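Please read them with the structure open.

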Amino acid sequence: MLPRGMRADPTRFLGEVGDDRPDASSRDFGRVSGPGGARLAEWLAEYARRPEHRGALAHWHTIPARAARHADLDPPLAPPLAEALAARGIARLYTHQAEAIASLRAGRDVVVVTGTASGKSLCYHLPVLERLLAESAHGGGGDDDDTPTALYLFPTKALAQDQLQSLTRLAAGHPDLVRALHPGVYDGDTPAGTRRKLKDGANVILSNPDMLHQGILPAHSRWTRFLSRLAFVVVDEMHAYRGIFGSHVANVLRRLMRITAHYGAAPRCVMCSATIRNPGELGERLTGRAVTVVDDDGAPRGEKHFVFWNPPFTDASRVERRSSNGDGCALTTGLLEAGAQVITFTKSRVAAELVYRYARERLSRTGPGLEERIRPYRGGYLPEERRAIERALFSGELRGVVSTNALELGIDIGGLDAAVLIGAPPTLASAWQQAGRAGRGAAPAIAVLVAYNETVDQYLMRHPDYFFGRSPEAAVIDPHNPYILAQQLACAAYELPLTRDDAAAFGPQMPEILTALEEAGETRVIDGRAYWANTQFPAAKVGLRTISDNTYTIMDTGGRPLAPPRPGNVADPFADSPAAAGDGNARNTVIGTVDAISALELVHPEAIYLHEGETWFVRTLDLEQKTAFVERREVDYYTQPVLDTGIRVRGERRERRWRGETVRLCDVTYAWQTIAMKKVKFGSRDAIGYHPLALPRLTLDTVGFWFAPGEEAWSAVARAGLRPWEGLSGVRNLFLTLLSMLSMCDPADLGGMLDSSNLGRPALFVFDRYPGGLGFAEQGFARLDELARAALDHLTSCPCDAGCPSCVGLPILRPAQQQDPDLDHARAVPSKDAARVLLAHWLAVGA
């Protein structure tokens, strides 16, 4: 049998170069019975035995198979629905599907939390089609009928398009469903003519929270037909709504329910999520309503082999390891040659392109023909390119794909045989979501996590129980955050006057915030109703997400000379045909897009932009027109950005003495800049050049608290024979993690830095990652005692010896977003003891 878990002796598969312990490559795993997935497990076991991979197999965990469990509905689905399901090969519903549909029939809001590819979408498709079919049978369908409507919300445009196909494929199984269903996607890419038709005639709209916030709710009077009949609101990929984004979306949903109530509708909510620790709590915070959690997954699952692979050290010094991209590429191509359909996840766009390029080169030598059946997938490709890749994966035409986390969410690409994860994803929930892409019903599957030579990855290799023995993270939101609520109440007042009754949805802080809005001249209270009193359109100024939605266009010049760009003469990235640019003599073709922040890292002048594994030389970056002009050029290197970060205090808000330290709450500017580029040789990863750059500095004006530990605190650590800087680094990480819990935000909503440039001695900065701040750092400033005690308690209760990702952890810093993680050198976990000494010193000092 293949090894299972290895909990009795977790060291027995941890052999490495020069290590005396028995290693995985020397053991006989034996044979596994079963279909194709078992053959892949045998292949992987044999591959790990090769001398060159000695010590690479760090852990092998087997998740047992699970049989399907079914349930029947009472009353059963109508014959057209049953026939449509049969046409899709579905004879009976799984238990979780039947439970979710029964709960919705009973008028309850539902959160469905089951595994990847467990049929969650049927939990909302079937109830929606059932209602439409029933109304159609009663004579609905005319211009003045009361046909119910449904609104599907997805965090990305791609998911909306994918689920439109899923819904229409299901409805195509019976003509009655085809007649009853009138769906469409309504988002920023929808043409104006199509938008009008959807408003006037669609009964299922697939969209995203951003469009609901800025395009539908403020114009609700033009959506009266749709909103007055709204029967279902679907929130798919619920786990994506966390932190600032989730807190905004929760208020957008409250605004939606308020408007539907105004028109006499009372829709039910259906939410679907990957496995998280608190699905019920998140569902209730998102909607402000009680929910029924459906988490008894009845879908079958084949045996899954989850393998941890640690690239061996390159020499006896035991510092540098073999390339993780290289090992991940070799595993990908080997699995492909063994007959598997494989998805490989990487941690950046550059890494996806590199692994794809290496995989093609390797397959052209070892498996001719297979190199044409693998593709890369990431953000920045044109929508039609991404859709084509998704279709080819689903059909089996493609045997492999190398992707960023863009394919992590629930786009339907079918069940694959194997998933290779190059680098540990940022959360356990994300790791299980990616690994869940491998598995076809009851067939065995393989997932391999390939470690980078960095702290978290290496900790997991040595402590696999940390990964397999923990629940996924909780998703945290705070709909009542006063900064977010003030923005959302302004939007709500624009839509309909606010009354005292609205506090039931928006919370007890609403009257106080409305008073502030009135004092600012944005609202006016007349007869107990708060009316919008400003000429501005508030939703236009309120972004739901923390990242910029500005994009740069990447254009192929074909090697032709460029004329200076002129306003209005830049190609539309969503055009169906190449757009004219330059002097009119050359036709420039759009090949991709990139977000505004990443543009200065990926497509600065003289950068090598990787697109589908090919090298493109960036000739010009037009910052005004947001266009990068590139030409195809064959080179043997790629480029990486070199970033400089800094923080400056702009003005002081408050100051306090705390435990012998002076702590200040200030307006701060966090800045980062691409100051140079490094040329890196393909394959060897050798640096072959370094070139300074003159690019704009990007800034975030926000709010943070900071303090520079005094001599007494510094000396306490030094007397213990420890390094004070390491202790402060550990405290920073603890503060960021625990403040996110105290202030009910996501850790990614906070930033932290150690900086010496403001005072000439080390200072700890904690700030909000949002323009103007959202009160998170302000809470940390006010609750420092609580924060420090929680940090010390957390350190004391953590069972590790010297520090781990769960306590002093890793800095939550902003790295170069498009860096190749394979170039990072191993970083040590900050000293747990030094952090403990600092915290204990402060808490021993009188407040």
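Which residue is the bridge partner of Leu151 in β8? The partner is Val233, and point 3 returns to this pair of strands.

1. Basis. This is a predicted model, in which local features need pLDDT of at least 70 and side-chain atom pairs count only at pLDDT 80 or more, while totals for chains, interfaces and linings use all residues. Residues are numbered from 1 along each chain as its sequence is written, and side-chain values use heavy atoms, with hydrogens and water left out.

2. Overall content. The protein has 26 helices and 30 strands; helices (H or I, at least four residues) and strands (E, at least two) are DSSP runs numbered from the N terminus. Of the 847 residues, 56% are buried, meaning under 20% relative accessible area, with exposed over 50% and partly exposed in between (1.4 Å probe, protein chains only). The exposed surface comes to about 33,400 Å², with carbon and sulfur atoms supplying 50% of it; areas come from the Shrake-Rupley method with a 1.4 Å probe, and for residues only the protein chains shown count as cover. Among contacts (heavy atoms within 4.5 Å) with a separation of 6 or more, 74% are between residues 24 or more positions apart.

3. Parallel sheet. Seven strands make an open sheet in the order β6-β7-β5-β8-β9-β4-β10, with parallel pairing; two strands pair if DSSP finds at least two bridges between them. Strands β6 (183-185) and β10 (292-294) are at the edges with a single partner strand each, so one side of each has no neighbour in the sheet. From one strand to the next the twist averages 15°. Within this order, β5 (residues 149-153) and β8 (residues 230-235) run parallel and are joined by five bridges, and Leu151 and Val233 are bridge partners there.

4. Mixed sheet. Another open sheet of seven strands has the order β1-β11-β16-β15-β12-β14-β13, and its pairing is mixed. The edge strands are β1 (57-63) and β13 (374-377); each has a single partner strand, so one side of each is left without a neighbour in the sheet. The twist here averages 15° from one strand to the next. Strands β11 (residues 304-309) and β16 (residues 445-450) pair in the parallel sense over six bridges, with Lys304 opposite Ala445 in β16.

5. From first to last C-alpha, α12 reaches 20 Å, close to the 20 Å expected at 1.5 Å a residue; the expected span is 1.5 Å times one less than the number of residues.

6. Helix α18. The end C-alpha atoms of α18 (residues 482-495) are 20 Å apart, which agrees with the 20 Å that its 14 residues should span at 1.5 Å a residue. Its buried residues include Ile484, Gln488, Cys491 and Glu495. The buried residues of α18 pack against α8 (209-216), α10 (243-262), α19 (503-506), α20 (510-519), β17 (523-526) and β18 (529-532).

7. Cores. A nonpolar core is a set of buried Ala, Val, Leu, Ile, Met, Phe, Trp, Tyr and Cys residues joined through side-chain atoms within 4.5 Å. The largest has 120 residues, and those with the most contacts inside it are Tyr152, Phe705, Phe735 and Leu839. Helix α4 (residues 122-137) gives the most to this core, with eight residues. Another core, of 66 residues, lies apart from it, and Leu335, Leu610, Val630 and Phe682 are among its members.

8. Hairpin. Strands β25 (residues 637-658) and β26 (residues 661-681) run antiparallel and are joined by 20 bridges. Gly646 stands opposite Ala671 in β26. Two residues lie between the strands, and Arg659 takes a positive phi near 50° in this hairpin.

9. Two single residues. Arg769 is in the loop between β30 (763-768) and α24 (776-782) and is buried, with a relative accessible area of 17%. Ala790, in helix α25 (residues 784-797), counts as partly exposed at 27% relative accessibility.

Terms used. Axes fitted to C-alpha atoms, helices over the stretch in contact; angles between N-to-C directions.
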